[in-house]
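Subject: A structure for you to look at

Hi,

Here is the structure I wanted to pass on to you.

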Amino acid sequence: MNLQLDDQGRLRHFLDIAGLPRDVLINIMDTAEKFSGVTEQAVKKVPLLRGKTIVNVFFENSTRTRTTFELAAKRLSADVLNLNISTSSASKGETLLDTLANLQAMHSDMFVVRHEDSGTAEFIARHVPPHVAVINAGDGRHAHPTQAMLDMFTIRRHKGSDFGRLRVAIVGDIMHSRVARSQIHALNTLLTGEVRVIAPRTLLPGNVREALGVHVFHRPEEGLRDVDVIIMLRLQKERMSGALLPSEHEYFQYWGLTQERLALAAPDAIVMHPGPINRGVEIDSVVADGDQSVILEQVTHGIAVRMAVMAMSMRSSGTEGAA
Ligand code: NCD
C-alpha cells in the first residue's frame with residue numbers, strides 16, 4: 001500500500017516524490033497554477049482550509065521553506081502554529097511521538113515536518129489518525145518533495161509542459177542533497193529528455209547512475225553543454241564528515257557557475273538554486289543576479305505549490321471542496 005495515496009489514488013500525505021505517479025505530479029502543478037492567480041490578487045486568500053489547524057513542526061532551521069508554508073496555509077485561511085523546537089519539550093527529553101500526541105490533542109489537522117533524520121515524516125505519517133495529513137518539508141538527506149515540485153513548476157512555466165524536450169543539469173553536492181534526490185525522481189517521473197548530474201567524485205553517491213538513471217559528468221565544461229535548465233546546489237557542509245573538498249575557493253574554480261560556463265548551455269537556459277545560495281562558492285553573483293536566473297521566482301512559486309499540496313492532501317483526508 002502506498003502511504004501517500006488514498007484508495008482513490010488521491011494525495012493523502014506528501015512524503016516523497018518516489019512512488020507518486022505522473023498524474024499526481026501534474027495535478028500538483030495544475031492546482032498550483034490556479035493558486036498562483038490567488039497570490040497575485042489584492043486579497044490573497046481563499047477559504048478552502050478555514051477552520052483547519054496546521055502545525056509547522058521544524059526540528060531544523062529553515063527560512064524559505066517554513067515561511068512559504070506559513071504563507072500558503074494563511075492564504076488557504078487555515079490557522080497556523082509554528083512550533084519552535086529549541087524552546088519546545090523536545091529539548092526537555094520528550095519523544096517525537098509524545099510531542100505529536102500533544103499537538104494532536106489540540107486537534108491539529110496537518111503537520112508540516114522538517115527533521116535532520118531521514119524518514120521522520122514517514123514515521124509520523126504512520127502514527128497519525130486518519131484525518132491528519134503529513135507533509136515532508138525536508139528529512140535528512142532523503143527527500144524534499146515540495147522543493148522539487150516548485151522547481152518542476154518553475155521549469156514548466158519557462159519551458160512548457162513537454163519535459164521530454166529538455167536537458168536538465170544538477171550541479172554540486174548531490175551526495176548530501178535531499179533536494180537533488182527529489183528533483184531527480186520528479187524529472188524522471190515527468191519523462192525528462194535527459195537528466196545530468198555534475199559533481200566531484202567525492203560528492204556523488206556511488207550508485208547514482210544505476211539507482212537514479214542519470215548521466216554523470218565530473219566537469220561542468222562537459223556536462224553543461226546545451227542544457228536547458230541548470231540547477232545549482234549548495235555545499236551541505238553541515239552534513240559532511242571529513243574533508244571531501246580541498247577548499248571553497250578551489251570548488252568555485254572547478255565547479256562554480258560563472259558566466260563563461262553558463263555560456264556553454266543553451267542560449268535561453270534558466271539558472272535555478274533552491275537556496276540558500278553561497279555567492280562565490282557554487283555560483284558567481286553575476287550569474288545569481290543575472291537575466292537567466294529564476295532563483296527568486298522559485299521562492300514565489302513555493303507559495304502556490306505548497307498551497308496546492310496542502311489543499312490536495314486535506315481534501316483526501318476529508319476536507320470538503322478543494323480547488
Ligand atoms: C534546501 C534544504 O533545506 O534542503 N533548502 C531549501 O529548502 N530551500 C537546500 C539547502 O539547504 O541547501
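This is a predicted model: local features need pLDDT of at least 70, side-chain atom pairs count only at pLDDT 80 or more; totals for chains, interfaces and linings use all residues.

Residues are numbered from 1 along each chain as its sequence is written, and side-chain values use heavy atoms, with hydrogens and water left out.

Let's begin with the inside. The largest nonpolar core has 68 residues, and Ile28, Phe35 and Met310 touch the most other members. (A nonpolar core here is a set of buried Ala, Val, Leu, Ile, Met, Phe, Trp, Tyr and Cys residues joined through side-chain atoms within 4.5 Å; buried means under 20% relative accessible area, exposed over 50%, and partly exposed in between, with a 1.4 Å probe and protein chains only.) Helix α12 (residues 295–316) gives the most to this core, namely 10 residues. Helices (H or I, at least four residues) and strands (E, at least two) are DSSP runs, numbered from the N terminus. At least three residues of the core come from each of domain 1 (22–142 + 300–322) and domain 2 (145–295), with bounds taken from an automatic or database domain assignment. Apart from this core lies another, of 17 residues, including Ile230, Val271, Ile283 and Ala288.

What does Met310 touch, leaving aside its neighbours within four places in sequence? Its contacts (heavy atoms within 4.5 Å) are Leu49, Ile54, Phe69, Ala72, Ala73, Leu76, Met110, Val112 and Ile135.

With neighbours within four places in sequence set aside, Arg75 is in contact with Thr39, Lys44, Lys45, Val46, Ile303 and Met307.

Next, a helix pair. Helix α1 (residues 22–40) packs against helix α5 (residues 145–159) at an angle of about 70 degrees, and their axes are 10 Å apart. Axes are lines fitted to C-alpha atoms, for helices over the stretch in contact, and angles run from 0 to 180 degrees between N-to-C directions. That makes the two helices roughly perpendicular (65 to 115 degrees; under 35 is roughly parallel, over 145 roughly antiparallel, and the rest oblique). On the α1 side the contact includes Leu25, Ile28 and Glu33, and on the α5 side Met149, Phe153 and Arg157 are among the residues involved.

Now the aromatics. There are two aromatic pairs, counting rings of Phe, Tyr and Trp (its six-membered ring) with centres within 6.5 Å; planes under 30 degrees apart are stacked, over 60 edge-to-face, and the rest tilted. The rings of Tyr254 and Trp255 have centres 5.7 Å apart and planes at 50 degrees, so this pair is tilted. Tyr254 is partly exposed at 35% relative accessible area, whereas Trp255 is buried at 13%. Ring pairs link Tyr251, Tyr254 and Trp255 into a cluster.

Last, the backbone. Most residues other than glycine have a negative phi, and most peptide bonds are trans. Ser77, in the loop between α2 (64–75) and β2 (79–84), has a positive phi near 70 degrees and is buried at 17%. Leu191 also has a positive phi, about 60 degrees, but is exposed at 53%. A cis peptide bond joins Gly275 and Pro276, with omega about -5 degrees.

Cheers
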